[in-house]
Amino acid sequence: MTTTSSSTPRWLLYGASGYTGRLIAEEAVRRGHRPVLSGRSREKLAPLADALGLEVRPAALDDARQLAAAMEGLPLVLHAAGPFVHTSEPMRQACLASRTHYLDITGEIPVFEGSFRHDAEARERGVSLMSGVGFDVVPTDCLARYVAEQVPGATELDIAISAGSQASAGTTKSALLQLPEGGKVRRDGVLQPFPMGQGARRQRFIDRERTVMPIPWGDLSTAYRTTGIPNITTYMAFPSSSARALRWTYPVLSQVLKVGLVRDGLMKLVESRVKGPDADMRLSSRSQVWAQARAPDGRSAQAWLEVPEGYAFTARASIHAVEELLAQPSPGALTPAGAFGADFVLRVDGCRRLDSLE
């Protein structure tokens, strides 16, 4: 039987049997935590719990009593079970009801917006709500705050990401579910539609120049709250051929994904075929971010950031966020850089920030 010191951090990791959940659990134990593992299936959780010597408390998201029992005596939930557009609201409600701090690793704009809608209730109940404590959106949120602080009065913010890895099944399903919603930008403080496949351009990253295209990244919600900048465009690097192809295929693909039988079949196919990057790729790959803030008078600042492969980064960054929030909880709906500062990302092993490429 595993003994646990009273000073050992204990909290609930929901979705621990998934691809990213397993990485988070392993990183948590490496850093001296003893998270309680949760999810729908005790059978799926048991092998990981046995390997790490951790407690299991299974719970279904549609069962409020099970969720309350799983959270009992624990100060915080790190939610890692996507697609978060479906799973986040029941977990948020359970956390608000039990006065338990809530973190997740989403990149989905509706989930961020959902957290911000609960800001007043979270403040009233003394609960912290923080979405996006992984690769979505810690690096971009921190770099956005970094450049924005150098340009007081900035009105425009551009952010570009080069992911440098392949997606897991959970990430792929989340992206496919969001595809019919179309592209988005923020203009004059308001989220607005933007045609998918339009607006491609070239952008210099740390290693080389790449083709980037506007995509609806979570910073359209988070960086707006972190910086107050009203006009934000988020880009992702794509091969030039993929950017051109998406422009023509998106209208058909988005309509097909609205058909329930087709969508459900595709989700099952993704679950069976997509496995995520292996250990070698997580170790060797790097991800990069660029951001620029601009003011109407011509002042501007830009910077670059290099971080570990996205899933490896998520495991590390999410545990840092747990530690920060346990040490200094702040009630309300929060962003990572808004709560922890622009340099939070640099506390994650393997990250570096550049102000110039010369």
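Among contacts in the chain (heavy atoms within 4.5 Å) between residues at least 6 apart in sequence, 72% join residues at least 24 apart. The model is a predicted one, in which local features need pLDDT of at least 70 and side-chain atom pairs count only at pLDDT 80 or more, while totals for chains, interfaces and linings use all residues. Residues are numbered from 1 along each chain as its sequence is written, and side-chain values use heavy atoms, with hydrogens and water left out.

**Chain totals**

The secondary structure amounts to 14 helices and 15 strands; these are DSSP runs numbered from the N terminus, with helices being H or I of at least four residues and strands E of at least two. Of the 358 residues, 53% count as buried, where buried means under 20% relative accessible area, exposed over 50%, and partly exposed in between (1.4 Å probe, protein chains only). The chain has an accessible surface of about 15600 Å², and 51% of this belongs to carbon and sulfur atoms. Such areas come from the Shrake-Rupley method with a 1.4 Å probe; for residues, only the protein chains shown count as cover.

**Helix packing**

Two packed helices are described by the angle between their axes and the distance between the axes. Here the axes are lines fitted to C-alpha atoms, for helices over the stretch in contact, and angles run from 0 to 180 degrees between N-to-C directions.

| Helix pair | Angle | Axis distance |
|---|---|---|
| α1 (residues 19-30) and α13 (residues 310-327) | about 50° | 9 Å |
| α5 and α9 (residues 219-227) | about 40° | 8 Å |
| α7 (residues 138-149) and α9 | roughly 35° | within 9 Å |

The angle of about 50° between α1 and α13 makes α1 oblique to α13. Angles under 35 degrees count as roughly parallel, over 145 as roughly antiparallel, 65 to 115 as roughly perpendicular and the rest as oblique. The crossing of α1 and α13 is right-handed; a crossing has this hand if the near helix is turned clockwise from the far one by less than a right angle, and is left-handed if anticlockwise. On the α1 side, Tyr-19, Thr-20, Leu-23, Ile-24, Glu-27 and Ala-28 meet Tyr-311, Thr-314, Ala-315, Arg-316, Ser-318 and Ile-319 of α13. The residues of this contact divide into seven nonpolar, three polar and two charged. In this division Ala, Val, Leu, Ile, Met, Phe, Trp, Tyr, Cys and Pro count as nonpolar, Asp, Glu, Lys and Arg as charged, and the others, Gly among them, as polar.

Helices α5 and α9 are likewise oblique to each other. Ile-109, Phe-112, Glu-113 and Phe-116 in α5 meet Leu-220, Ser-221, Thr-222 and Arg-225 in α9, a contact with four nonpolar, two polar and two charged residues.

Helix α9 also packs with α7, in a right-handed crossing. From α7 the contact draws on Thr-140, Asp-141, Ala-144, Arg-145 and Ala-148, and from α9 on Asp-219, Thr-222, Ala-223, Thr-226 and Thr-227. Its residues comprise three nonpolar, four polar and three charged.

**Individual residues**

Pro-110 lies in α5 (residues 109-117) and is partly exposed, with a relative accessible area of 34%.

Ile-206 occupies the loop between β9 (201-204) and β10 (209-214) and is buried, at 14% relative accessible area. Beyond its neighbours within four places in sequence, Ile-206 touches Gln-288, Trp-304, Leu-305, Glu-306, Arg-352, Leu-354 and Leu-357.
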